[in-house]
Amino acid sequence: MEMPKTIGNNTVVLEWQDVDWKSIERRVFRLQKRIHQAERRGDIKTVRGLQKLLLKSWSARMLAARRVTQDNQGKKTAGVDGVKSLSPKARMRLVGQLKLNSKAKPARRVWIPKPGRDEKRPLGIPTIYDRALQALVKMALEPQWEAKFEPNSYGFRPGRSCQDAIGAIFNAIRCKPKWVLDADIAKCFDRIDHGKLLDKLETIPAIRRQIRAWLKAGVIDSGQLFPTDEGTPQGGVISPLLANIALHGMEESIKELVEQLPGKGSRTNRRRAVSLIRYADDFVIIHENLGVIEKCRDHIQEWLKGMGLELKEEKTHITHTQECDNPGFDFLGFNIRQHKVGKYKTGKNTHNEPLGFKTIIKPSKKAVKSHYQKLKQIVDSHIVAPQEGLIRHLNPVIRGWSNYYSTAVSKQIFSQLDELLYWKLARWGKRRHSNKTGKWVARKYWRKIGSRNWAFATRTESNPMQLRSHAETPIIHHTKVKGEASPYDGNLKYWSTRMGKQPGIPTRVSKLLKKQKGKCAHCGLTFREEDVMEIDHIIPKSKGGKDTYKNLQLLHRHCHDVKTALDGSHGSHDKSQVIEEPDEVKVSSPVLETSRVGDYPA
């Protein structure tokens, strides 16, 4: 379908491939930046006026439709109406239909297994129309709330990652051992009180009515309609933002409590002495006094009841960072513990004063075990597969997991995993050739490549495919995001620079980001946090192009689609994502959302 568009005094007919996406993204971002700035200065009237303007904007509707039908990994996932994988004409038709109408179709319920458990969790998959409308509403709401969210809230927010949350914990305990309340909210997404959430939104009536319609739409499971009287369905584009809005205020509430408690120092110092660091529904409260921690636990339980939530008792406990018989605590797949320093070693604080302890952050035992079980499962399922196929399946898992933990004290654990995997592969080779000797198996599957004497690699002389090792991942220092910084503040240089240094980004992507100065080689726009990036061969491999840096460029996914159509290469894309997905991740919607910096192993 062709879309009529008024430009000046003329009406022109546009098709999907003729749209100037560069201008569209600039117009939408300009509006979002103005919303963010108005909220920062407390100008609510301007915020609501700009939100109304954005919701009616043709550019915003086009961008919402493209993100859902072209960029999103769930673009081929159907809702209850069975509609999926829209053609360019259907996308233009969808743009013309997008409008807030206080109605919504039920979501389609899908059950997916929880990582490392026998349980399953429900996902609610909205229709493509509702997904696009949710993306449009999110464009209007997110800049406003990014100006309001607390500095130590990290989950499902643009520009913030698990490593930022771990960095905040390190800053809170690096100068003094402290008590920690390690807590988890029970079924957070499923139990949020709708009325309290809608009251908390404080937005224009049209958005409030539309969000209420989505919350009350119900779900269809096995052909039967079930009402939804509480909770936000996991799987919706806007669900993570709504969950963050529901939990907003926890940090300030705890600081106000501690400020009123009797103690040494001024009220300001008492506020600074307590830290609440939250990633989605997992959070920790840190303070040097056990009594304060116990009062914080009781207080947060009451606070959560106001949103219809409660703490999960089996996952909520109080621990200390430095007791001799204490293993520390696990958070986001990391183990955090402080060790007493020996006779000849001394830890030091920011003033270079001796502390008597050292803070060690490393992968948790549960995460290591889960990762190795995943590697074993892949090897066992490729008994009859060629070596090349096994390497192709193992490398992304190893790369993603190693990159995630590359900011921790992980070198020893990486080496241990490599050794365990070697013996597993040796058994794999021996099982395939039971009548051959160990030396014969070693000569067939292992070889010397560069400085590696025992590389599990194919025998191809020109370009052998080799198994990546955990230990080759460099350990790097992660710089925590600035407290109240936001991608909507307009500082694109800061955010594009951070993208290239984020943990989990493959080396090729990082180098290309630096080479292209953070911009897409096709459209010239600066990459943003929500963008899906892909590596493209300038001269397609099908036409003789080589897999070298000179022949590589980094593009948006939609720009990659356009470029592939123009260069005549209709083979499979080199879809090297910005984030190599770890073996087990926790995301708001694995069906609909691309894996980003916020994902973490269970």
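In which loop is lysine 103 found? Lysine 103 lies in the loop between helix H4 (88-97) and strand S3 (107-113); helices (H or I, at least four residues) and strands (E, at least two) are DSSP runs numbered from the N terminus. The structure is a predicted model, in which local features need pLDDT of at least 70 and side-chain atom pairs count only at pLDDT 80 or more, while totals for chains, interfaces and linings use all residues. Residues are numbered from 1 along each chain as its sequence is written, and side-chain values use heavy atoms, with hydrogens and water left out.

Lysine 103 is exposed, with a relative accessible area of 60%. Here, buried denotes under 20% relative accessible area, exposed over 50%, and partly exposed the range in between (1.4 Å probe, protein chains only). The C-alpha atom of lysine 103 is separated by 8.2 Å from that of alanine 217, although the two residues are 114 residues apart along the chain. Alanine 104 is also placed in the loop between H4 and S3, and its relative accessible area of 25% makes alanine 104 partly exposed. Between the C-alpha atoms of alanine 104 and leucine 133 the separation is 9.9 Å, at 29 residues along the chain. Valine 237 belongs to the loop between strand S7 (224-226) and helix H10 (239-247) and is buried because its relative accessibility is 11%.

Strand S3 pairs with S4 in the antiparallel sense over six bridges, pairing being assigned if DSSP finds at least two bridges between two strands. Within this arrangement, valine 110 has leucine 123 in S4 as its bridge partner. Strand S4 (residues 120-125) is largely enclosed by the rest of the structure, because five of its six residues are buried. In S17, histidine 556 stands opposite methionine 533. Strand S17 (residues 552-556) is mostly covered, five of its five residues being buried.

Two loop residues other than glycine have positive phi values. Serine 85, in the loop between helix H3 (58-71) and H4, has a phi of about 50 degrees and is partly exposed at 43% relative accessibility. For phenylalanine 156, phi is near 55 degrees. Phenylalanine 156 occupies the loop between helix H5 (128-146) and helix H6 (162-173) and is partly exposed, with a relative accessible area of 22%.

Side chains of opposite charge can pair when their charged atoms come close. A salt bridge is defined as a side-chain nitrogen of Lys or Arg within 4 Å of a carboxyl oxygen of Asp or Glu, and a search of the whole structure finds 19 salt bridges. One of these connects glutamate 288 and lysine 176 (3.3 Å, N to O). This pair links distant parts of the chain, 112 residues apart: glutamate 288 is in the loop between strand S9 (282-287) and helix H13 (290-305), and lysine 176 is in the loop between H6 and strand S5 (179-184). Both residues are partly exposed, glutamate 288 at 41% relative accessibility and lysine 176 at 39%. Arginine 41 is bridged to aspartate 43, with the closest N and O atoms 3.9 Å apart; arginine 41 is exposed at 56%, whereas aspartate 43 is partly exposed at 25%. In the salt bridge between aspartate 199 and arginine 208, the closest N and O atoms are 3.1 Å apart. Aspartate 199 is exposed, with 51% relative accessibility, and arginine 208 is partly exposed, with 33%. Salt bridges with shared partners also join Glu25, Arg66 and Asp71 into one network.

Charged surface patches were assigned from residues with over 30% relative accessible area and no salt bridge, like charges being joined within 9 Å. Lys and Arg count as positive and Asp and Glu as negative, without His or the chain ends. A positive patch gathers Lys22, Arg26, Arg27, Arg30, Arg34, Lys517 and Lys519. Of these, arginine 26 is located in helix H1 (residues 21-40) and is partly exposed at 45% relative accessibility. Asp190, Asp193, Asp229 and Glu230 form a negative surface patch. Glutamate 230 lies in the loop between S7 and H10 and is partly exposed, with a relative accessible area of 46%.

Technical notes. Patch = residues over 30% accessible without salt bridge, like charges linked within 9 Å, V, L, I, M, F, W, Y side chains within 5 Å. Areas by Shrake-Rupley, 256 points an atom, 1.4 Å probe, with all protein chains shown as cover. Charge placed at Lys NZ, Arg CZ, Asp CG, Glu CD.
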